Amino acid sequence: MTPKIRKYINGSVKICIRGAMPEKFINLCVAERILLWGLSKDNDDLYAWIGLNDFYHIRPLVRKSCTKVTVKAYRGWPFLAKRILRRKMLVLGAMMCLITVQIFASYIWFVDVVGTKATSPLRITEVAQQYGLKPGVLKDNIQSKTIENAILLAIPEVSWVSVNFTGTRVVIEVVEKTFPKQEDKAPAHIVADRDGIIMEIIALAGQPAVKKGDTVRKGDILIKGFAPTVPPAMPGQNASIITPPQLVKASGIVKARVWYESYGESTLQQLVTQRTGRQEMELLLHLGGHEVALKRAPQPPYELYESEIIHKTLPQWRNSQFSVESTIRVYYELQSSSHEISAEQARDEATARALQAVQQSIPENAQILARNIEILKLNEPNLVRIKVGVETVEDIGTSLMISQ
């Protein structure tokens, strides 16, 4: 224990020593092994700190040194405890608060489900509720292993589950099973999903309907969903029996050159809106099927504004169907102002918008061959328009069911 902490626990008193010879009192304290610290002098008065226990033993020394000692300040745990004990209601309130917090901390108030992708979290919470896990129940009544086994048995899509406690919150962590995809073997053609010029075609199943260099449009058949035909019979051989073509699901790779275009615009005079700092708040309380307005905001709150809505819901108690929700609407005042940008900045903004628009149309696996940016001439001096063209090589084939 450090000396500073020991002094705080035992208590300290700051005294003022007055008299003809205050130094004599200091010497007597040193002789009696009474610790003094923080000595200072103001005119003829001496100030010093002394331990609370030693303070009760200095009366003989004061008389012997013909000085007068007065208390100027005090600090430490004994004085703080005395002050607290004088306020009995404060002590009682603190004890009641601690007891209330302890009681509420022994209940479950929130149940969260994490790790789900294909499985609905509602299915998991419904199974957990059947075995007693829901807001408003005691932690001691929760059987984690029983709930975990019940979820695994009730929901076959879940391969692993764990129920973890974090304060008043229960987190149900699940890992879903990975099922192999069911391959559709129904007869189908491969058709073009966009216009382009064929660069490469590899038919893994079916009959190629186009060749390299052909121009195709969206919807044209690229690989037919027919099995390869039997070669014709040679002269002198019996002709094979003609049978209708066998339908198969066509598959393969069809790469083509595809072109994309997009436009972007920007003005030299731009309108900018920003918040002024003023706001209005509206608070609504939903009790069951009733709505109570605790605070209303004028409508419209401002001439130009934007709003933000915050919903909060209290957890339901045990089996009660009574719900309590609150809706907070915050209206922020906006102020609009216009400013002029340079022609170079306008071109950059228009180019960025055009590139962003064209990028949304290009598949992720497409290979970009070229990108062309063109500034269009307009009669409007305040407007800048950009045209962006992108050339790619990509697989344009998509499956189309054959109607029989």
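This report describes selected contacts, salt bridges and surface features of a predicted model.

## Basis of the model

Local features require pLDDT of at least 70 and side-chain atom pairs pLDDT 80 or more, whereas totals for chains, interfaces and linings use all residues. Residues are numbered from 1 along each chain as its sequence is written, and side-chain values use heavy atoms, without hydrogens and water.

## Salt bridges

The structure contains 17 salt bridges, each defined as a side-chain nitrogen of Lys or Arg within 4 Å of a carboxyl oxygen of Asp or Glu. One of them joins E282 to R329, with the closest N and O atoms 3.1 Å apart. E282 belongs to strand β14 (residues 269-287) and R329 to strand β17 (residues 324-340), so this pair ties together parts 47 residues apart in sequence. Strands are DSSP runs of E with at least two residues, and helices are runs of H or I with at least four, numbered from the N terminus. A network of salt bridges links E282, E291, R296 and R329.

E282 is buried at 4% relative accessible area, while R329 is partly exposed at 25%. Here buried means under 20%, exposed over 50% and partly exposed in between (1.4 Å probe, protein chains only).

Within helix α8 (residues 144-154), E148 and K145 lie three residues apart, about one turn of the helix. Their salt bridge has its closest N and O atoms 3.8 Å apart; E148 is buried at 10%, but K145 is exposed at 60%.

## A buried loop residue

T119 lies in the loop between β5 (110-114) and α7 (121-130) and is buried, with a relative accessible area of 6%. Leaving aside residues up to four places away in sequence, T119 touches I124, I155, E157 and E176, contact being heavy atoms within 4.5 Å.
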